There are 2 protein chains.
Amino acid sequence: MPEISKKGRFMPESPIRKLVPYAEAAKKRGVKVYHLNIGQPDIETPQIALDAIKKFDQKVIEYSHSAGIRSYREKLVGYYKKNNIQIDPDDIIIGAGASEAILFAMNSCMDTGDEIIIPEPFYANYNGFAVNAGVNVIPIPSNIETGFALPPISDFEKAITPRTKAIIICNPNNPTGYLYSREELELLKEIVLKHDLFLFADEVYREFCYDGKKHFSVMHLDGLENNVVLFDSVSKRYSACGVRIGAMISKNKELMATALKFAQARLSPPTFGQVAAEAAIDTPDVYFENVIKEYVARRNVVVEAINKMEGAYCPNPSGAFYVVARLPIDDSDKFSRWLLEDFNFNHQTVMFAPATGFYATKGKGMDEVRISYVLKVEDLKNAMICLKEALKVYPGRTN
Amino acid sequence: MPEISKKGRFMPESPIRKLVPYAEAAKKRGVKVYHLNIGQPDIETPQIALDAIKKFDQKVIEYSHSAGIRSYREKLVGYYKKNNIQIDPDDIIIGAGASEAILFAMNSCMDTGDEIIIPEPFYANYNGFAVNAGVNVIPIPSNIETGFALPPISDFEKAITPRTKAIIICNPNNPTGYLYSREELELLKEIVLKHDLFLFADEVYREFCYDGKKHFSVMHLDGLENNVVLFDSVSKRYSACGVRIGAMISKNKELMATALKFAQARLSPPTFGQVAAEAAIDTPDVYFENVIKEYVARRNVVVEAINKMEGAYCPNPSGAFYVVARLPIDDSDKFSRWLLEDFNFNHQTVMFAPATGFYATKGKGMDEVRISYVLKVEDLKNAMICLKEALKVYPGRTN
């Protein structure tokens, strides 16, 4: 039997999926599980996007342009203009989700053994993309005490080696919900220019900014046109995760010509998804106003509840729909599994993503969980009651 | 400005796309261009697939399972059973086209510097996938004189090194149309077992077999369950290239568990494409009977016309919708460009894919073009008249 690859063996398993069998077993025992472990919003996809699919009337579902349907990219230019980002259709390559866009960028910018710096905790699938591209992840710790703000720039400076090719940030952040400030991005700009690096920014949660704060994009940084690569997605913006439409955006012409070769090799992004995404650009503002109101209410339920629990702490982040909370527990993997296997409160329990999966540094995140507040307020309240009761009886409680 | 990656620079450009600007310029001059350069069929997508999309009534377009929607994979089992291929739903991972499936397999089986053997000429994008995965392509020449049959197994034997991890065939073949026989596949089985290699088979043209010949799949080979990986796609079968739905299929459990980790990192394949593809499985047989009748008529037009041209030769292959023809020309790249830039016959011309792009060996394919017979018979006849007239006046004619 031929051996599988080393990179295949090294490829990390999703930190969330490991727990899925325990959740299924719990449901079989009649326990209701509140899924706060996933990034799948329950918000409805805008009707305008669903209608566009119903109206699709071509007789042959053809390949689209490898960079994406032209009319879609032209319309996207308008979307970005509304966000004060000036780009052309040729600065955009549509991917099968931000996932594929990140792979295009990593492969275009980085060779086997090159290094990418990422503030941790970070979106776990960056690990997978890095393995895919043969790239080494160099984590720089951020801390719950600062609400997971950008680590000191001196920490980046120390981590840079001759193999460093890029820094990636997710803004607003998954898993922490942290919204980077203009000042933080200006600091990143300096170090990126100084060391001639690429600055990757995953801004798929751009619309999800709260407390009156405004999103500051890497595309707003002047003089960084050749260094900046933006990743975007319609998955969260329009609650349309299944359409698999994202984008890689850069004003670096050489980079985009290179990325286009990777895009051409896989022929084209999904046609139906592009049709839905193009229509979704006309989603009325009131849709987002309602969504943001809803998420703020949800976040407040979670943050307030956790901060009332003895020994627990949760920052109050201004973006995305995640928080990373510190709990008085010995091991977040063990705790999350115990919640599904050994605990219920009135036949209910709750499922978290252990934060260990979001750290590259071994041993970090043991007393932290990521909570996706993607359920309705009533359900979130019940989930928080479960957590409170669970902490009272968890055998691995630490204080 | 940060440098792009070595693999990015090494990544080949699509051999077809290079000519696109010349085709566009020709059209602007009022010249009609017969596109025999692409694999985009003009056949209509089955109505049943288009209807399924119209009936989609979920309010949230959610992520599907990373391996693909369960009901789709279950239904696919029935499709394969009809083709005498016995698999389970868990032997299938749905990808965004066969393209993504091939990347999953390459990354799961092969590390940077490993080698994959491919009979040439071969589907040009295998080069791109190999660069993507850091894998080296080792070509073994097949010849127009044998109709591009499997090269002697001794040629494979000579090409095998300690870094060889896999052989890939495309059956029926793109670009040659050649349909491999059971006997040829049995020979591959022996060598694969002897050297403990993976055997990758791209069978996306399975339905397109002519002259009463039946397709023999790698999945029909006994005792090769741990070595065989099948790639499939609905793009050609249902003329649905834009849905971006393909599959990686293997009975090797360790391999599939590894590939699933790569699939999980990108979350899920496109939902709408899966909905269309699932419905398409019920496409009535008469659809395929008509399609095959049409393609045979088209192939016959092309093959007969070319073999009547002095100094030209075209085999009569039994599969797919391509032929590779030998023409009395000095350089197929130059000739293909000349057809678009400097030639027209009654304001018409024809666009081919130069065969050089399908060979990894430098200098091969200079007097060959790939012809996709994806146009109606009337158009193909006109295109062949253009070719005949062009060969009379082409300055680089060789005999």
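How many residues apart in helix α12 of chain A are Glu341(A) and Arg337(A)? They are four residues apart, in a helix that runs over residues 332-341, so about one helical turn separates them. Bear in mind that this is a predicted model.

The two side chains form a salt bridge, with the closest N and O atoms 3.1 Å apart.

Glu203(A), Arg206(A), Glu207(A), Asp232(A) and Arg237(A) are joined into one by salt bridges that share partners.

Next, Lys334(A). Its salt-bridge partner is Asp330(A), and here the closest N and O atoms lie 2.7 Å apart. Lys334(A) counts as partly exposed, with 49% relative accessibility. Asp330(A) is partly exposed too, at 26%.

Lys82(A) and Asp285(A) meet through their side chains in a salt bridge, at 3.4 Å from N to O. Lys82(A) belongs to helix α4, residues 70-82 of chain A, while Asp285(A) belongs to helix α11, residues 285-308 of chain A; the two are 203 residues apart. Is Lys82(A) buried or exposed? Lys82(A) is exposed, because its relative accessible area is 67% and the cut-off for exposed is over 50%. Asp285(A), at 45%, counts as partly exposed.

To finish with the total: over all chains, the count is 52 salt bridges.

Notes:
Residues are numbered from 1 along each chain as its sequence is written. Chains are lettered from A and ligands numbered from 1 in the order in which they are written. This is a predicted model: local features need pLDDT of at least 70, side-chain atom pairs count only at pLDDT 80 or more; totals for chains, interfaces and linings use all residues. Side-chain values use heavy atoms; hydrogens and water are left out. A salt bridge is a side-chain nitrogen of Lys or Arg within 4 Å of a carboxyl oxygen of Asp or Glu. Buried means under 20% relative accessible area, exposed over 50%, partly exposed in between (1.4 Å probe, protein chains only).
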